[in-house]
Amino acid sequence: MSLAEELLEHARFLANLDPRATTQANIRRAISAAYYAVFHLLAAEVAAQVSPDVPRGLRERTQRALNHTHMLKVAKAFSQPGAKRAKDLPDDVVLPDPISMELASIADIFQELQEARHTADYDVLKQFDPDDAVTLVRKAERVFDNWKTERGSSNAPVFLAAMTFGKDWNR
Amino acid sequence: MANLNFDPVVGEEVRILGRAGLFKIVRVDRPDVRIAPPNARDIAAGALGLGTVDLQIVGSDSVVQDVPWALLQFDDEARPVRRAIEWLSTDPDNLKHPSYIVDYEIEAKNDHAGNPSIFVRFLVDPDFFYENGRPSQENIDALNEFTFEVKQILLGLGLERWIYVQTGVARRTLDVAS
């Protein structure tokens, strides 16, 4: 089982604890784990695309180069289905196909989860409901499902490359 | 998005381009002819069509008559989103507005990364959303699908601000009289 899948499983476990007995800590950790499940799913795919797996550890180090804020911007750029170019990326970054519903959904959920993760980890004033975790974990599961469809698409390599190098494409 | 419009409405507070002060709309005259279907970015720029409004200066009885819509400036940056969500709550065709959504909140603020954003939060009534003490997978999927569709509609407004569409549970206030 990959780290991403383990994190999703962990998020699922925490989110599905008895809602009458669960705690803010459980809910917050569920939301955080849901985000990181998606983050590591995409990070592993990025690394697999841009880095060989030998020598051992090189690909894992590549994942460390990813930046959450930059990934957020890329996710925003890809969040409109049917668009023929990714908003805010340079005009000469060509998408082979219009953005699919699946990719737009992945991008949209990535943004929502990252924002929720930040609130869950740092906003101590916020009172979460057990449903918040269940709903967000379900969204993370949706990303995993949609990625199975999308990863073979013509746009997937562009999306993944943008996650890593997109910030330098305007140079 | 037929029937979605951003026309000024009575009661809204506005400013007038080139004039100091805050005004409240007390009368709206709609144009017989519209220049073009306005998009949200035009609204922010004040280009609203050929109608006019009468405005009352806030804190005074003075009324300014026949002010063209094009001169109106709205302080509320979430206004286009607010109007779109109001429109959605009328359950327009092709969008299933789940019955368990009982309220919503709209807030303009920065997201955690500092991006100017608008947050929409739909609140669900647990009595209708839950089955056997928990929300069903089916209801969660329907809710997530709905928020995704709403997000697409809001992105279509072409606003500069980032859009977040979230969900939460509606909290009831206890009725102490009963």
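Predicted model: local features only at pLDDT ≥ 70, side-chain atom pairs only at ≥ 80, totals over all residues.
In helix 4 of chain A, the buried residues are M71(A), L72(A), K73(A), V74(A), A75(A), K76(A) and A77(A). That makes seven of the ten residues of this helix, so helix 4 of chain A is largely enclosed by the rest of the structure. As for what surrounds them, the buried residues pack against helix 5 and helix 7 (156–165) of chain A, and also against strand 10 (162–169) of chain B.

Chain A averages a pLDDT of 93, with 99% of the residues scoring at least 70. Among the elements of chain A, helix 1 (residues 3–15) has the highest mean pLDDT, 98, while helix 3 (residues 58–64) has the lowest, 88.

Next comes the meeting of the two chains. Chain A brings 20 residues to the contact, and chain B brings 20 residues. On the side of chain A that touches chain B, helix 4 (68–77), helix 5 (101–122) and helix 6 (130–150) each supply at least two residues. Helix 6 of chain A gives the most, with seven residues.

Over in chain B, strand 1 (residues 13–16) and strand 2 (residues 19–29) run antiparallel, joined by three bridges. Here E13(B) has K24(B) of strand 2 as its bridge partner. Two residues sit between the strands of this hairpin, where G18(B) takes a positive phi near 85°. Strand 2 of chain B also runs antiparallel to strand 3 (residues 52–57) of chain B, with six bridges joining them. In that pairing, K24(B) stands opposite Q56(B) of strand 3.

Definitions and conventions: Residues numbered from 1 in each chain as written. Chains lettered and ligands numbered in written order. pLDDT = per-residue confidence, 0-100. Helix = DSSP H or I, 4+ residues; strand = E, 2+ residues; numbered from the N terminus. Contact = placed C-beta atoms within 7 Å. Buried ≥ 20, exposed ≤ 12 C-beta atoms within 10 Å, placed from the backbone. Pairing = 2+ DSSP bridges.
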